[in-house]
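Please keep the sequence and the structure at hand while reading.

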There are 2 protein chains.
Amino acid sequence: MFLDASGSAPLTKRTIEAFQAGLAEGWADPARLHTESRRSLALLDGARAAFADALGARPEHVHLAPSAHLALERVIAGINAARRGRDRILASAIERDATLHAARHMTAGNVTLLPVDSLGHVDLDRLADELCVPDVALAAVQHGNHEIGTLQRLEAIADLTAAARVPLVVDATATLGHVPAPARWDAVVGNAADWGGPAGLGIVALRPSTRWLPVWPEGDDWAPGGVSVPGTLAAAVALQERLETMATTDARLRAMVDRIRTAAASWPGVDVVGDPDERLPHIVTFSCLYVDGEALLTSLDREGIAVGSGSACTSSTLEPSRVLASIGALSHGNVRLGLHPGVTEAQATRFLEVMPRIVARLREQAGAPAL
Amino acid sequence: MFLDASGSAPLTKRTIEAFQAGLAEGWADPARLHTESRRSLALLDGARAAFADALGARPEHVHLAPSAHLALERVIAGINAARRGRDRILASAIERDATLHAARHMTAGNVTLLPVDSLGHVDLDRLADELCVPDVALAAVQHGNHEIGTLQRLEAIADLTAAARVPLVVDATATLGHVPAPARWDAVVGNAADWGGPAGLGIVALRPSTRWLPVWPEGDDWAPGGVSVPGTLAAAVALQERLETMATTDARLRAMVDRIRTAAASWPGVDVVGDPDERLPHIVTFSCLYVDGEALLTSLDREGIAVGSGSACTSSTLEPSRVLASIGALSHGNVRLGLHPGVTEAQATRFLEVMPRIVARLREQAGAPAL
């Protein structure tokens with residue numbers, strides 16, 4: 001029972017079939033001249049055109065990278081480099097680590113974090129103030145947050161950045177394939193694994209007017225050494241499948257999340273976080289007072305239920321979540337559900353039955369006060 | 001009839017089966033805590049142990065990267081950064097572009113190219129002289145060359161670099177899985193696609209004593225955003241298969257290449273290049289006077305024969321090959337064969353029958369003088 005579909009998801013039958021076709025037809029290096037390679041290149045170009053179509057971009061302005069992480073890194077590095085004389089990056093406080101690390105690396109730490117409110121929305125007044133200083137190289141704002149699901153108000157944000165002539169880099173790595181693609185950006189980044197494609201592909205789309213400079217050794221190549229052709233083909237098919245079924249999946253998962261949010265909010269000592277309306281359809285996160293996050297995940301795992309956690313993304317960094325801290329939420333005993341389209345009502349029911357029992361047991365074991 | 005197996009090859013049945021098993025079992029993000037992710041991590045760790053074993057390294061010193069290109073880039077950047085106060089890189093004149101671009105990028109162009117002789121062997125006297133100057137951050141020398149097949153004399157080279165206490169970075173991206181792994185290196189890089197694995201994986205192995213510093217935004221992570229678990233599993237299985245069959249494949253392909261070398265050398269106006277003995281078993285390259293390289297490749301492709309070319313690696317850069325220029329060979333009308341283990345004697349025979357006919361026709365069309 002996999003309820004951690006944020007950044008990865010089981011591959012659908014159609015995606016696996018596309019992968020297999022890609023292994024058979026797209027194994028050759030697409031950069032060479034003969035028939036086998038031209039066939040690989042045609043598959044890659046077809047996938048690129050599908051991504052461009054999904055994002056409202058031109059294929060020649062869509063770049064592929066071997067991960068969303070590297071895609072974010074290169075787009076921030078490239079746009080920053082083209083804005084000579086401006087040496088500060090604005091980023092929301094709840095951007096991904098990849099974005100913030102890249103921004104700090106490229107500006108020697110000259111990054112201003114834009115605060116967010118308790119639902120996770122960027123402070124627009126603060127953004128407007130910061131944009132008045134003419135030293136801003138770019139602004140990085142997510143389309144939607146991978147931990148709490150909140151969607152940013154990109155229309156208002158893009159109005160401000162456009163008026164200041166500051167490029168807006170939109171991280172859509174948690175949203176593509178789940179909600180309609182963002183319309184307002186100067187650069188946008190997506191993550192194939194998040195929409196049900198295989199891991200190992202990030203995509204970047206740029207506007208024709210977005211200037212960038214390659215600041216990496218291999219010139220204008222965004223994917224030095226190339227990307228996997230079968231993986232890219234499978235990613236395009238997975239995205240297509242998500243887009244075809246988006247309306248019904250959205251309605252179904254949104255209702256399921258509403259049901260989970262309502263139930264969880266009724267449990268004692270549980271905070272449900274993120275915007276209840278302006279949100280991703282499939283993400284829901286809550287924190288449980290007096291409960292250890294790792295123990296919670298492990299207990300659920302023993303029941304055969306896989307969930308994520310803002311405070312337990314990797315086994316090595318069980319630190320309180322920066323995103324939850326930024327919205328002023330309780331950050332321990334944190335559970336994040338990511339519902340992929342295959343999740344059933346029965347699975348949600350089972351989770352809602354198991355979860356309060358485990359929380360009560362863990363609190364009892366920890367000698368927590370009554371709530 | 002695919003005779004361009006240098007950097008890519010058709011996947012074997014066993015490799016494809018491993019890939020499919022990986023898609024079924026290894027789709028989850030290996031960096032999370034639950035059962036699905038631990039299963040992915042176990043597959044990744046198993047593959048890493050197999051690479052370590054093949055290279056004679058410890059698993060904890062084997063790093064995975066999303067391409068051999070990025071692996072070369074990061075190992076050169078990381079080792080260079082740890083050698084503060086030394087700001088020059090030595091590299092053989094026939095290293096890959098990825099190596100030379102990275103070296104120039106990291107040293108602001110302070111790269112000394114070591115000349116090679118007419119068979120492609122690095123000039124050892126020149127290397128010794130350069131190592132006398134105490135400004136050398138590292139030396140980058142290939143195990144074997146991807147275009148001409150010559151194997152470097154790494155024992156002698158490593159004796160010199162070790163005496164000078166200069167780290168030796170060995171590019172084994174054209175050799176792993178074809179000949180025994182090199183024994184002498186401080187860092188070594190391999191390319192999964194070259195040994196018949198899927199594209200999208202480079203590996204780096206370091207000695208425990210090799211110092212490096214992360215000079216990229218994501219700290220000590222060599223593969224920001226991760227690598228494909230199914231692809232890595234398939235790469236390990238492909239390498240295992242190559243190692244198991246190496247002795248018989250080597251003997252068979254070596255004899256086939258000898259046959260092709262002898263035949264080609266007897267054609268008028270044809271130069272066969274590279275060391276005839278100290279070489280990769282599966283690579284053979286020759287150049288044809290008065291023949292256009294692209295026309296030659298296209299004509300062979302029309303006959304259903306895919307070959308490579310030192311001067312036609314990509315459709316966009318039909319420039320004379322730097323490697324062929326370095327050994328003083330004719331660089332136009334260049335054909336490189338890379339024979340994968342599935343190539344048959346009948347295919348070699350057909351190539352030897354078709355090739356002289358096409359060369360003669362192209363020369364006639366170009367009005368070339370008699371040879």
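Domain bounds, as used here, come from an automatic or database domain assignment. On that basis, chain A of this predicted model is divided into domain 1, covering 12–244, and domain 2, covering 246–365.

**Domains of chain A**

- The C-alpha centres of domain 1 of chain A and domain 2 of chain A lie 27 Å apart, and 20 residues of domain 1 are in contact with 20 residues of domain 2.
- On the side of domain 1 of chain A that touches domain 2 of chain A, the residues divide into nine nonpolar, nine polar and two charged.

**The sheet of chain B**

- In chain B, seven strands form an open sheet with mixed pairing, and their order is β2-β8-β7-β6-β5-β3-β4.
- Because β2 (62–65) and β4 (111–114) of chain B stand at the edges with a single partner strand each, one side of each is left without a neighbour in the sheet.
- From one strand to the next, the twist averages 20 degrees.
- The edge strand β2(B) pairs with β8 (residues 202–206) of chain B in the antiparallel sense over four bridges, and H63(B) stands opposite V204(B) in β8(B).

**Helices across the sheet**

- Helix α2 (residues 35–55) of chain B lies across β2, β7 (187–191) and β8 of chain B, and its direction makes an angle of about 120 degrees with β2(B).
- Helix α5 (residues 124–132) of chain B lies across β3 (88–92), β4 and β5 (136–142) of chain B, running at about 155 degrees to β4(B).

Notes
Residues numbered from 1 in each chain as written. Chains lettered and ligands numbered in written order. Predicted model: local features only at pLDDT ≥ 70, side-chain atom pairs only at ≥ 80, totals over all residues. Pairing = 2+ DSSP bridges. Helix = DSSP H or I, 4+ residues; strand = E, 2+ residues; numbered from the N terminus. Axes fitted to C-alpha atoms, helices over the stretch in contact; angles between N-to-C directions. Contact = placed C-beta atoms within 7 Å. Nonpolar A, V, L, I, M, F, W, Y, C, P; charged D, E, K, R; others polar.
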